[in-house]
Amino acid sequence: SFTEWELMEWSEQQAVFNFLYDSVTLTVVFGPPVDGEFFAAHPSRSIISLDFESFLDEEQAPPSSCLVQKLIFQFIESRGSWQEKCPTLRYLPQALFDISLVVNRCKILGEELEFLQRWGAKFHLLETDIKGTEVKLLFSSSVAFAKFELTLALSHDYPSAVLPFRVQTHIGNIGEKEIAAVLSRVPAGHHYLQRTVTSIHQNLLQGPR
């Protein structure tokens, strides 16, 4: 199985894990040993707390990194009390796996956003603008006589769920109905955002409608 964490410290008192280029830190504070439970051939320990902290410099970081960070912490908060789910060391590998899965998916999303910002023109994509957890995509095609803005709302379960969207038409007749028809044929999954953009480009922006 893949891991997205790096162990920074393991002592009698605590363990510290880093994720995502050291921008997210998890500190696990240990309590007394647990009778009859073993972990890695040693008596297991109870866990008093699991604390997540962000070390991303939001002033300096690119918007795609800020979005990724927001989604990861959205996931962390959505799970409620981590200590209840992870009362002893025996539960820690599963917790690390769950976090790794979301970090991995969000990291790929960040790469997709950077790809679109760099190569968007190939898909008649003028602008990829990130605000909070929303992405605004401004498409413009002279051959299709169309200019419109597609706003996608992202969440931590990306890319496994269909993305809520809204459309603002500037020029031409491509609106919600046309976009919905294209998006309904794009299955969720790996590189969902990139495939959505490619599909809009192929189906709507190649010629006059």
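Leaving aside its neighbours within four places in sequence, which residues is Ser 199 in contact with?

Mentor: Keep in mind that this is a predicted model. Ser 199 is in contact with Val 182, Val 186 and Leu 204, once neighbours within four places in sequence are left aside. Ser 199 itself sits in helix 5, which runs over residues 192–204. Its relative accessibility is 11%, so Ser 199 counts as buried, the cut-off being under 20%.

Now take the loop between helix 4 (176–183) and helix 5. His 191 is found there. The phi of His 191 is positive, near 55 degrees, and this residue is not a glycine. Most residues other than glycine have a negative phi. His 191 has a relative accessible area of 28%, so it is partly exposed.

Asp 22 lies in the loop between strand 2 (14–19) and strand 3 (24–39). With a relative accessible area of 41%, Asp 22 is partly exposed.

Next, the peptide bonds. Most of them are trans. The bond that joins Tyr 158 and Pro 159 is cis, with omega about 5 degrees. Pro 159 belongs to the loop between strand 7 (146–153) and strand 8 (165–171).

Step back to the whole chain. It is divided into domain 1 (5–113) and domain 2 (124–205). Their centres, taken over C-alpha atoms, are 33 Å apart. At the interface, 14 residues of domain 1 are in contact with 16 residues of domain 2. The area buried between the two domains is about 1,400 Å², and carbon and sulfur atoms give 72% of that area. On the domain 1 side, Arg 105, Glu 112 and Leu 113 lose the most area to domain 2. Together they account for 39% of what that side buries.

What about polar links? Helix 1 (63–78) and helix 3 (92–119) each supply at least two residues of the side of domain 1 that touches domain 2. Helix 1 gives the largest share of that side, 8 residues. By type, the residues of that side divide into 8 nonpolar, 3 polar and 3 charged.

Definitions and conventions: Residues numbered from 1 in each chain as written. Predicted model: local features only at pLDDT ≥ 70, side-chain atom pairs only at ≥ 80, totals over all residues. Heavy atoms only, no water. Helix = DSSP H or I, 4+ residues; strand = E, 2+ residues; numbered from the N terminus. Buried < 20%, exposed > 50% of the residue type's maximum accessible area, 1.4 Å probe, protein only. Contact = heavy atoms within 4.5 Å. Domains from an automatic or database assignment. Buried area = accessible area lost by both parts, 1.4 Å probe. Nonpolar A, V, L, I, M, F, W, Y, C, P; charged D, E, K, R; others polar.
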